[in-house]
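Please write a short report on the salt bridges and nonpolar cores of this protein model.

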Amino acid sequence: MYQRFGKRALDIVLSAVGLVVLLPVFLAVALLVKADSPGPVFFRQKRVGKDKVLFEILKFRTMRTDTPHDVPTHQLSRSVSYITRVGRVLRKTSMDELPQLINILLGQMSIIGPRPALWNQDDLIACRDLYGANNVLPGLSGWAQVNGRDELAIDKKALRDGEYAQNVTFALDAKCFFLTIVKVFRGEGVAEGKEGRHYTAKRTEEEP
């Protein structure tokens, strides 16, 4: 019942309230992004949604406009050099993800779910198929996000996403929601590009 009706109702309410309450923050961030470097305020990219239907995700732009567009960070050498000054702060605090409240309101994403893979990340998509993780709406945050985030190898990330997909409950969503706040506050699990990782796992979801 929750997965079919309650979750979507909660997504609509929380995303709508969030967009209204955070409007001053959106405006301030937009001005900072625009003043910091030439280019658009928003970054748009094709991502994989529920049942592998593609949609266009929204983020605040955190990188220069000459950054390769559809390259996952783990494949991008010297990725840190592409990040703008404002972008470093936005990525560290995950504020660059806030425009995805629009994606949630449109029904393309949920507050909680597997983070949406890039359209060309065949390895992650295939792994998620094994665990049924492509059968639910992707989320702003999720079970894998609060259990390692960038520090997880692709197979481990897909496994966590599958665990979530098989157990979508209000209790688990609430747990993920509050753990996300803790993780963001502590700045845990964030690594940038090849050079920022002390392991061989691939980062699979951040803005290239």
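## Charged pairs and cores

Aspartate 161 and arginine 128 form a salt bridge, with their closest N and O atoms 2.8 Å apart. A salt bridge here means a side-chain nitrogen of Lys or Arg within 4 Å of a carboxyl oxygen of Asp or Glu. Aspartate 161 sits in helix α6 and arginine 128 in helix α5, so the pair ties together parts that are 33 residues apart in sequence. Helices (H or I, at least four residues) and strands (E, at least two) are DSSP runs, numbered from the N terminus.

This is a predicted model: local features need pLDDT of at least 70, side-chain atom pairs count only at pLDDT 80 or more, and totals for chains, interfaces and linings use all residues. Residues are numbered from 1 along each chain as its sequence is written, and side-chain values use heavy atoms, leaving out hydrogens and water.

Are the two partners buried or exposed? Aspartate 161 counts as buried, at 2% relative accessibility. Arginine 128 is buried too, with a relative accessible area of 4%. Buried means under 20% relative accessible area, exposed over 50%, and partly exposed in between (1.4 Å probe, protein chains only).

By this rule the model has 9 salt bridges. The table gives three of them.

| Salt bridge | Closest N to O distance |
|---|---|
| Aspartate 161 and arginine 128 | 2.8 Å |
| Lysine 7 and aspartate 173 | 2.7 Å |

Lysine 7 pairs with aspartate 173 in a salt bridge. This pair links distant parts of the chain: lysine 7 is in helix α1 (residues 2-21) and aspartate 173 in helix α7, 166 residues apart. Lysine 7 counts as buried at 10% relative accessibility. Aspartate 173 counts as buried at 6%.

Salt bridges that share partners join Lys59, Glu97 and Arg115 into one network.

Now the nonpolar side. A nonpolar core is a set of buried Ala, Val, Leu, Ile, Met, Phe, Trp, Tyr and Cys residues joined through side-chain atoms within 4.5 Å. The largest one has 16 residues, and Trp143, Tyr164 and Cys176 have the most contacts inside it. At least two of its residues come from each of β2 (54-60), α4 (100-105), β3 (110-112), α6 (154-165) and α7 (170-186). Apart from this core lies another, of 8 residues, including Phe26, Val41, Phe60 and Leu90.
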